[in-house]
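The structure is shown first, and the entries follow.

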Amino acid sequence: MKPWPYPRWIAHRGAGKLAPENTLAAFRLGAQHGYRMFECDAKLSADGQVFLLHDATLERTTNGSGTAGELPWSALSRLDAGSWHSRGFAGEPVCTLEALSRWCLANACLLNIEIKPTPGQEHETGTAVAREAARLWAGAATPPLLTSFRPEALAAAQAAAPHLPRGLLLDSLWNGWEGFAQSLECVALVCNHALWDEALLEKARSMGLRQLSYTVNDEWAAQRLIALGTDGIITDAVDRFAPADPS
């Protein structure tokens with residue numbers, strides 16, 4: 001396998017649940033806990049802006065309503081993405097991928113960008129996220145890792161920026177995943193942590209795939225994955241797992 005430039009510990013959506021997910025405040029807090037790699041969710045506004053949001057709709061993590069991808073960035077940029085979490089984060093704005101890239105590059109932090117398309121926008125979102133990532137990280141020593149549950153989004157990313165590394169996200173071992181991982185020229189397999197066992201580990205390694213897990217918040221689960229020898233652990237528990245731990 002090629003050398004793997006990413007650390008084992010990855011902070012989920014910035015700082016797990018300690019700050020409003022996918023906001024700059026979350027990434028800053030994750031960094032304060034010693035993390036230097038982060039996972040985020042990226043989707044596309046109605047007018048083509050790549051921004052961070054997990055859900056298709058706005059209600060859970062902002063004071064807005066409706067489908068996020070149907071709004072222009074001018075409307076999304078005015079939303080409060082912090083008050084839902086706690087009063088201390090009131091007024092925290094929705095973050096663009098460009099703003100996060102500036103912060104990551106200035107602080108020598110690495111990124112896993114999950115392409116999270118609005119349903120029906122898989123191709124457009126994969127293309128836009130990959131092109132934006134390629135532009136923002138042009139010349140960077142370590143590019144972001146692009147991942148998605150949607151093979152069609154990864155295929156669009158592959159076509160738009162083939163040099164950026166890709167990973168296939170799996171919540172179950174559905175029939176044919178191996179063929180998609182190969183055709184998409186993935187470098188990593190990112191699984192629900194419960195899926196990993198010796199058999200899947202050996203299959204991934206035989207395919208040249210690095211092995212990452214989400215979302216690992218319990219000590220027993222982390223220790224099991226470390227004992228298996230997997231390459232990456234995505235966690236909400238940034239206050240409980242020390243990312244500098246050499247184990």
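**Entry: α4 and α5.** I looked up the pair α4 and α5 in this predicted model, and found that their axes come within 7 Å and cross at roughly 40 degrees. That makes α4 oblique to α5; I count angles under 35 degrees as roughly parallel, over 145 as roughly antiparallel, 65 to 115 as roughly perpendicular and the rest as oblique. The axes are lines fitted to C-alpha atoms, for helices over the stretch in contact, and the angles run from 0 to 180 degrees between N-to-C directions. Helices (H or I, at least four residues) and strands (E, at least two) are DSSP runs, numbered from the N terminus.

I then listed the contact, taken as heavy atoms within 4.5 Å. From α4, the residues Glu122, His123, Gly126, Thr127, Ala130 and Arg131 meet Glu152, Ala153, Ala156, Ala157 and Ala160 of α5. By class these residues divide into five nonpolar, three polar and three charged. Here Ala, Val, Leu, Ile, Met, Phe, Trp, Tyr, Cys and Pro count as nonpolar, Asp, Glu, Lys and Arg as charged, and the others, Gly among them, as polar.

**Notes on the source.** Residues are numbered from 1 along each chain as its sequence is written. Local features need pLDDT of at least 70, side-chain atom pairs count only at pLDDT 80 or more, and totals for chains, interfaces and linings use all residues, while side-chain values use heavy atoms, with hydrogens and water left out.

**Entry: burial of α5.** Which residues of α5 are buried? In this helix (residues 151-160) I found Pro151, Ala153, Leu154, Ala156, Ala157 and Gln158 buried. Buried means under 20% relative accessible area, exposed over 50%, and partly exposed in between (1.4 Å probe, protein chains only). The cover over these residues includes β4 (110-115), α4 (122-136), β5 (145-148), β6 (166-170) and α6 (177-183).

**Entry: α3 and its partners.** I next took α3 with α4, whose axes come within 10 Å and cross at roughly 35 degrees. The crossing of this pair is right-handed. Leu97, Glu98, Ser101 and Leu105 of α3 meet Val129, Glu132, Ala133, Arg135 and Leu136 of α4. I sorted the residues of this contact into five nonpolar, one polar and three charged.

For α1 (residues 24-32) and α3 (residues 97-106), the axes come within 11 Å and cross at roughly 20 degrees. That makes α1 roughly parallel to α3. Their crossing is also recorded as right-handed. Leu24, Phe27, Arg28 and Ala31 of α1 meet Ala99, Leu100 and Trp103 of α3. This contact has six nonpolar, no polar and one charged residues.

Within α3, the buried residues are Leu97, Ala99, Leu100, Ser101, Trp103 and Cys104. They pack against α1, β2 (37-44), β3 (50-52), β4 and α4.

**Entry: positive phi.** I checked two residues for backbone angle. Ala108 follows α3 and lies in the loop between α3 and β4; its phi is near 55 degrees, a positive value in a residue other than glycine. Arg13, likewise not a glycine, has a positive phi of about 55 degrees and lies in the loop between β1 and α1. Are they buried or exposed? Ala108 is exposed at 59% relative accessible area, whereas Arg13 counts as buried at 15%.

**Entry: Ala11.** Ala11 is in strand β1 (residues 9-11) and is buried, with a relative accessible area of 0%. Leaving aside neighbours within four places in sequence, I found Ala11 in contact with Tyr35, Met37, Phe38, Glu39, Thr235 and Val238. The C-alpha atom of Ala11 is 9.0 Å from that of Pro243, although the two are 232 residues apart along the chain.

**Entry: cysteines.** How many disulfides does the whole structure hold? My search found zero, a disulfide being a pair of cysteine sulfur atoms within 2.5 Å. For Cys95, the nearest cysteine sulfur is that of Cys40, 8.2 Å away; Cys95 counts as buried at 4% relative accessibility. The sulfur of Cys191 is 11 Å from the closest cysteine sulfur, in Cys186, and this is too far for a bond. Cys191 is buried, with a relative accessible area of 0%.

Definitions and conventions. Left-handed = near helix turned anticlockwise from the far one by under 90°.
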